[in-house]
Structures are given as structure tokens and as C-alpha cells.
Amino acid sequence: MRKSVAGVLAGVVAVFGYAVGRPTFSSLGLLPNLGNVPGTATECQVCHVSAGGGGALNAFGGTVQANLTGGVPDWSRIRVLDSDGDGYSNGQELGDPLGYWQPGQPNPGLQTKITNPANAMSKPTGPSGVQIVTTPTAWGVIKALFR
Ligand SMILES: [Ca+2]
């Protein structure tokens, strides 16, 4: 009987811990490329210091929290900011500098070109703008490279 009480208590603690660890809002799916950010063990760690989410926020997480609309991250405001101060906007780092991406759409940009918007040492490399071409102007950008 003692073991079953201990089992119930463990279950309650596990469920409670899970509930406490859950974000008050979930940015998953509301921001692009969270699963492709280098230097993060989980999507949660794009915003949080801890890989498990919850607790302290990093620079990008602070930007997200400061730019909620109705409790939902406002990508149109977040993308133009540079959370880590590396000279590249959050949109450039997460593959959507021009704000064409909408929640529910496939991730924009090239996954291999995504950089960490919370780490100033992680920034886009290569020919400027090539990685971010996701618009109808893509052909114009490509032609401009060969003029
Ligand atoms: Ca940046």
C-alpha cells in the first residue's frame, strides 16, 4: 500500500511539474524555424536559457515577451528587431527578413542558413540576401547577381 501511495505522489508531482514547466503561451509554430536554430537543444531554448523551457529568458525570449499581442508573439514586430545586437534582424536570422511568413506555413529560408537570434556569435554568412529569398522578387535578386 505504501508503494502505491508513493506511486500516486510521484505521478502527481510529474503531472504538476509538467504543468508548471509548460509556457504560459507557446511560441512553437508561432515563430519560424524554431527547430532549426543552431546551438539550441530544443525549440524552447530559442527563447529560454533552459532547454526544458520556462524560467529565465535569453535576449530573443525577452524580445518575444516584450512583443506579445493578445498573448501571442507578434512576428511582424519581432522580426525587425535585433535581439542579440549582432547587426542582423531576428527575421534575417530566422529566415524571414521581409515578414512574408505566417504561422501554419512551412518554415521560410534555407534551414542550413538559420542562425541563433539570441547569440551574437551566430550570424548569417555568405552572399548577402541570397539565403533570404522567399518572395516573388527572387528572380530579380538572382539576375542582379549576374549583372
Ligand atoms: Ca541578431
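Me: Why does Asn33 count as buried?

Reply: In this predicted model, Asn33 has 22 C-beta neighbours inside 10 Å. The cut-off for buried is 20 or more. So Asn33 counts as buried.

Me: Where does Asn33 lie, and what is its phi?

Reply: Asn33 lies in the loop between α1 (2–21) and α2. Its phi is positive, about 60 degrees, although Asn33 is not a glycine. Most residues other than glycine have a negative phi.

Me: Why does Lys113 count as partly exposed?

Reply: Lys113 has 17 C-beta neighbours inside 10 Å. Buried needs 20 or more, and exposed needs 12 or fewer. The value 17 falls in between, so Lys113 counts as partly exposed. Lys113 is placed in the loop between α4 and α5 (138–145).

Me: Which C-alpha separation is given for Lys113 and Gly95?

Reply: Their C-alpha atoms are 7.6 Å apart. Along the chain, Lys113 and Gly95 are 18 residues apart.

Me: What makes the buried residues of α2 lie on the same side?

Reply: The buried residues of α2 (residues 59–66) are Phe60, Gly61, Thr63 and Val64. They cover an arc of only 155 degrees around the axis, so they sit on the same side of α2.

Me: What do the buried residues of α2 pack against?

Reply: They pack against β2 (72–73), α3 (75–78) and α4 (90–93).

Me: Which residues touch the most other members of the largest nonpolar core?

Reply: The core has 13 residues. Leu31, Leu34, Val37, Val46, Cys47, Phe60 and Val64 touch the most other members. Helices α2 and α3 each supply at least two residues of this core.

Me: How many helices and strands are there, and in what order?

Reply: The protein chain has five helices and two strands. From the N terminus on, the order is α-α-β-β-α-α-α. Of its 147 residues, 30% are buried.

Me: How much of the contact count comes from residues 24 or more positions apart?

Reply: Among contacts with a separation of 6 or more, such pairs account for 46%.

Me: Why should residues 5–23 not be read in detail?

Reply: Their pLDDT stays under 50. Where pLDDT is low, the predicted coordinates should not be read in detail. The model has five contacts beyond four places in sequence for residues 5–23.

Terms used: Residues numbered from 1 in each chain as written. Predicted model: local features only at pLDDT ≥ 70, side-chain atom pairs only at ≥ 80, totals over all residues. Helix = DSSP H or I, 4+ residues; strand = E, 2+ residues; numbered from the N terminus. Contact = placed C-beta atoms within 7 Å. Arc of directions from axis to C-beta. Core = buried A, V, L, I, M, F, W, Y, C linked by C-beta atoms within 7 Å. pLDDT = per-residue confidence, 0-100.
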